[in-house]
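User: I would like to go through this model with you, one topic at a time. Please keep the answers plain.

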Amino acid sequence: MGDTTRNPVTWLGSPAFPTAAKTALADDQLRRNLKHATGLIRTKRAGAVAELADWEQLRLSGEAIKDDVLANLDTYLLRFEESVTARGGTVHWAKDAAEANEIVLRLAREAGADEVVKIKSMATMEIGLNDALQAGGVTPIETDLAELIVQLGNDRPSHILVPAIHRNRTEIRDIFKATMPGTEDLTNEPVELAAAARAFLRRKFLSAKVAVSGANFGVAETGSVVVVESEGNGRMCLTLPETLITVMGIEKLVPTWQDLEVFLQLLPRSSTAERMNPYTSVWTGVTPGDGPRNFHLVLLDNGRTDTLASTVGRQALRCIRCSACLNVCPVYERTGGQAYGSVYPGPIGAILAPQLGGDMHDKHAASLPFASSLCGACFEVCPVRIDIPSVLVHLRAKAVEAKPRYSPEAIGMAAMSWVMAGPRRFHVAQRLAVAGRLLSRGGKIRKLPFPGSKWTNSRDLPAPAKESFSAWWKRTRG
Amino acid sequence: MLWYSVHTGKLWVQISRHPMSSSGSVSIVPTEQRAGRVALFATCLTDTFFPDTARAVVRLLERLGCSVEFPQGQTCCGQMHFNTGYRAKAAPLARNVASVFAGYDAVVVPSGSCAGMVRHVYPDLSVTPGPVYELSEFLVDVLEIEDVGAYFPHRVTYHPTCHSLRMLGVGDKPLRLLRAVKGLDLVELPAAESCCGFGGTFALKNAEVSSAMLADKMSCVLDTGADVLTAGDNSCLMHMGGGLSRLQAGVHPVHLAEILASTEEEPWVTPLATR
């Protein structure tokens, strides 16, 4: 905080991914929690998706609709603003996190609130709204159970959908006991934990004057806003308080209600492996005598139009925050979300956070596109077909561009490219490489100096063959 | 149904999918004609570290009736440069591959990863790739052979490498080839489709995460009780094999080509330390 120019999409002071990952890998409890949780949801998702014969068609439709929205974003946004305003809502435009936070804080104060209830929302996490509200004297209360666990534990989220996935129920019990009054005898039974959270939150719902939400979708033709959740706590926030403030990324639009149908199939099956989402709330402006009397919509850019300018990178804006890519990612499964140092972890975070942040000179942001083996499991499950591996490689090139031109890696790469670009040079290099056999025993190299040690710390390396294949071919058949 | 027969030392492939069809017409073309001019793209890694694999591809394809050429101008597909963010350094390598292999009807690559690079990434580098096939694609799709007449009396488990699986979509072609190998005891690998953690420079840049992935993969391999681990990519095999060798696990990494090249007359032998 304090530094208002910094985009809080990545957490200040986060180490580069390899360093953070090392710490995470050493946390046995974290490893067990993650392996169990991601394994479970992965299997369930595969089952839910397999039920639909037209799944691939749905993915293609989702991709096409989002691409249309992104290509005509200006038109759809103005249409959306017009529809929301016509139905009694007020639209605010925020170019970055600081502007959005300022608007929400001002609106909360104008409504006379010193406490706001919050629906789980990635957009408000991305802009660091909770810190900004707190600094301005307004206390935010997260009402999504997992988000509440993170907030009460003074922790950071580690997953888009299940932000407390890194916690098991005993850890959650301990957090509740330390922060919720009257929970001295709480056990680690899920039913009891849910009941404790319910009692705690019920009081907040009934007293709050202002609710803050994000949005899963905005329907341009009608100005309707959609929030999709599993607990019903979101619906409490959307209906009880007098004032509702929604922070929505500008890419969240769909053109029509008919388009929404595609996403209400894609999203639940991809994220929670459910056929239909449990609580789907839709509202259009304000309705006299029903729900909030004031509705404010904050349309957030925060790096999105810059991302849109990149022909390869813009597909990241198709994302509907389902988390399927996190759950299948072998890297995420082992490090968890916090190692990514951003509210957006996992494969999608590795392409979204650096683009929204827009600064590849930042060592942490520049390390994220490399946090992948490019296995492609993320692309395979993405409901809107974001080719994450291709965007990762594209961003790696951006990271390399931002590095000093004569880094040891760049020199090494240039030298190898030069050698490989000429077959004669390559064959000479192969003959020289045979000297590497001196380092080997039994055809295996067990120890190399840095950076080769990065390999040999955990694996043997075969020694180059005495005679390369091309040399053999030349000798026997050339 | 597919069948083939050996006739005067040459393989003949029947291209009619219904040899017993009522029309009674059976068209037969020699393999050589079916595949056209075939070139081997050994890949830099196999050429330098695993020449046995490249020799196995030649032996196998020649046994199946192809005549194989090995253009000496070939080096590297450029994938490492491209995937590490050095696009401009990958481009000359891509152009070299395109020019060296121009004019061939089929370029066979014993690597799903390198084949994927050529087929799917070269257009992005403004290089037009020729007809490139990963080995199992060439055998099953072009030659339309699943039983290559191989003999390999070992307990084998197969790891589908990520790029062959997801970039090329080879599906179960390697498994179909393995199932037809005489004497081979194929054991299913648990969590087979999980990445082994290689990922090119990922194995160095994120060595710890890579090793954690490798540990789980090795544990699955050991669970099978197999004495041979096979795959269609020497890069992934070098990674998994490097881990298994470090643990003295007693499981040999063997490229799919070497299994398919092995016959009763000329069986695969455990590589000796003096290789």
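User: Which domains does the domain assignment of chain A give?
Analyst: This is a predicted model. For chain A, the assignment gives domain 1, covering 17-304, and domain 2, covering 408-476.

User: And how many Å apart do the C-alpha centres of domain 1 and domain 2 of chain A lie?
Analyst: The two C-alpha centres are 51 Å apart.

User: Let us turn to strands. Is strand S10 of chain A mostly covered or mostly uncovered?
Analyst: Strand S10 (residues 294-300) of chain A is mostly covered, with six of its seven residues buried.

User: Which sense does the pairing of S7 with S10(A) have, and over how many bridges?
Analyst: Strand S7 (residues 243-249) of chain A pairs with S10(A) in the parallel sense, over seven bridges. Within that pairing, A:Val247 is opposite A:Val298 of S10(A).

User: What about S1 and S10(A): how many bridges join them?
Analyst: Strand S1 (residues 90-94) of chain A is joined to S10(A) by five bridges, and the two run parallel. A:Trp93 has A:Leu299 in S10(A) as its bridge partner.

User: There is an open sheet of four strands in chain A as well. What is its order?
Analyst: The order is S8-S5-S6-S9 in chain A, with mixed pairing. Strand S8 (253-254) and strand S9 (279-284) of chain A are at the edges; each has a single partner strand, so one side of each has no neighbour in the sheet.

User: How do S6 and S9(A) pair?
Analyst: Strand S6 (residues 224-229) of chain A and S9(A) pair in the antiparallel sense, over six bridges. A:Ser224 is found opposite A:Thr284 in S9(A).

User: Changing topic to chain B: how many helices and strands does it have?
Analyst: Chain B has 13 helices and 11 strands. Of its 275 residues, 59% are buried. Among the contacts in chain B with a separation of 6 or more, 73% are between residues 24 or more positions apart.

User: At what angle do helices H11 and H12 of chain B pack?
Analyst: Helix H11 (residues 207-224) and helix H12 (residues 234-246) of chain B pack at about 75°, and their axes are 10 Å apart. The angle makes H11(B) roughly perpendicular to H12(B).

User: Which residues meet there?
Analyst: From H11(B), B:Leu214, B:Lys217, B:Met218 and B:Val221 meet B:His239, B:Met240, B:Gly243 and B:Leu244 of H12(B).

User: How do the residues of that contact divide into nonpolar, polar and charged?
Analyst: In the contact of H11(B) with H12(B), five are nonpolar, two are polar and one is charged.

Terms used. Residues numbered from 1 in each chain as written. Chains lettered and ligands numbered in written order. Predicted model: local features only at pLDDT ≥ 70, side-chain atom pairs only at ≥ 80, totals over all residues. Axes fitted to C-alpha atoms, helices over the stretch in contact; angles between N-to-C directions. Parallel < 35°, antiparallel > 145°, perpendicular 65-115°, else oblique. Contact = placed C-beta atoms within 7 Å. Nonpolar A, V, L, I, M, F, W, Y, C, P; charged D, E, K, R; others polar. Buried ≥ 20, exposed ≤ 12 C-beta atoms within 10 Å, placed from the backbone. Pairing = 2+ DSSP bridges. Domains from an automatic or database assignment.
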